[in-house]
Amino acid sequence: MYDLVKLTHLVAAIIWMGGMTFMLVALRPAAMGALERPERLRLMGAVWKRFFTLVVASIVVVLVTGTNLYTTVFRTMKMATGTGSVPLGWNLMLGIGLLMMLIFGHMFFAGYAKFKRAAAATDWPLADQAAAQIHALTVTNFVLGWLALLAVRLVH
């Protein structure tokens, strides 16, 4: 069961990180070079609508599976040694992951909401500004995601 929970945790993280990779490295640069502002922003809005649904689902899965993994290892260590603990890298990953979730919440409830309102009003300069905010927060989360992966693999 532990391995299945760990795999599910990893798959959810891959979906989130993979989506950010695609967005930052392929989609946004191609759209910026090939499309005029209104078309580019309509495309990004359609992509975000789908991707952010996956991110929300990934966050739920990461929280549920991460909690299960963390408490399972903590309890196992407590039974084996008398004191409960998890590797330092796990604590770093937990902190970074929670920060990423908060950043995504801000991106979704502030940036994306602002984007949708501006796009609906065809206020392309304001929609572009909101898109730039979403991009900056995505870059931040992308870097944090890699730091979380490094922490869990390299810090013991």
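## Asn141 and its contacts

Setting aside neighbours within four places in sequence, Asn141 is in contact with Trp16, Met20, Met100, Ile103, Phe104 and Met107, where contact means heavy atoms within 4.5 Å. Asn141 has its place in helix H4, and helices here (H or I, at least four residues) are DSSP runs numbered from the N terminus, as are strands (E, at least two). With a relative accessible area of 1%, Asn141 is buried; buried means under 20% relative accessible area, exposed over 50% and partly exposed in between, with a 1.4 Å probe and protein chains only.

## Basis of the model

The structure is a predicted model, in which local features need pLDDT of at least 70 and side-chain atom pairs count only at pLDDT 80 or more, while totals for chains, interfaces and linings use all residues. Residues are numbered from 1 along each chain as its sequence is written, and side-chain values use heavy atoms, with hydrogens and water left out.

## Overall architecture

Along the principal axes, the C-alpha atoms of the protein fill a box of roughly 60 × 25 × 25 Å. Of the contacts in the protein between residues at least 6 apart in sequence, 75% join residues at least 24 apart.

Buried residues account for 36% of the 156 residues in the protein. The accessible surface of the protein amounts to about 9100 Å², with 73% of it belonging to carbon and sulfur atoms; accessible areas come from the Shrake-Rupley method with a 1.4 Å probe, and for residues only the protein chains shown count as cover. Within helix H1 lies Ala30, which counts as partly exposed at 46% relative accessibility. Ala30 and Trp16 are 14 residues apart in sequence and, C-alpha to C-alpha, 20 Å apart in space.

## The cavity

Rolling a probe the size of a water molecule over the atoms shows where empty space is left. On a 1 Å grid over the protein atoms alone, a cavity is a set of points where a 1.4 Å probe fits but cannot get out, whereas a pocket is an open set with protein on both sides within 12 Å along at least five of seven lines, and lining residues have an atom within 4 Å of a point. Grid points are joined across faces, edges and corners, and a volume is the space filled by probe spheres set on the points.

A search of the whole structure finds one cavity of 30 Å³ or more, and about 40 Å³ of space lies in the largest cavity. Its lining consists of Trp16, Met20, Phe51, Phe52, Val55, Phe104, Met107, Thr138 and Asn141. The elements that give two or more residues to this lining are helix H1 (2-34), helix H2 (37-81), helix H3 (88-120) and helix H4 (124-154), with H2 giving the most, three residues. By class, the lining of the largest cavity has seven nonpolar, two polar and no charged residues, where Ala, Val, Leu, Ile, Met, Phe, Trp, Tyr, Cys and Pro count as nonpolar, Asp, Glu, Lys and Arg as charged, and the others, Gly among them, as polar.

## The largest pocket

The largest pocket holds about 890 Å³ of space. Its lining comprises 31 residues, of which His9, Ala13, Val62, Met93 and Val152 lie nearest its centre. H1, H2, H3 and H4 are the elements that give two or more residues to the lining of this pocket, and the largest share, nine residues, comes from H1. By class, the lining of the largest pocket has 23 nonpolar, six polar and two charged residues.

## Salt bridges at Asp128

A search of the whole structure finds two salt bridges, a salt bridge being a side-chain nitrogen of Lys or Arg within 4 Å of a carboxyl oxygen of Asp or Glu. In one of them, the side chains of Asp128 and Arg37 meet at 3.2 Å, N to O; Asp128 lies in helix H4 and Arg37 in helix H2, so this pair ties together parts that are 91 residues apart in sequence. Asp128 is partly exposed, with a relative accessible area of 21%, and Arg37 also counts as partly exposed, at 33% relative accessibility.

Arg40 forms a salt bridge with Asp128 in which the closest N and O atoms are 3.1 Å apart. This pair links distant parts of the chain, with Arg40 in helix H2 and Asp128 in helix H4, 88 residues apart. Arg40 is buried, with a relative accessible area of 9%. Through salt bridges that share partners, Arg37, Arg40 and Asp128 are joined into one network.
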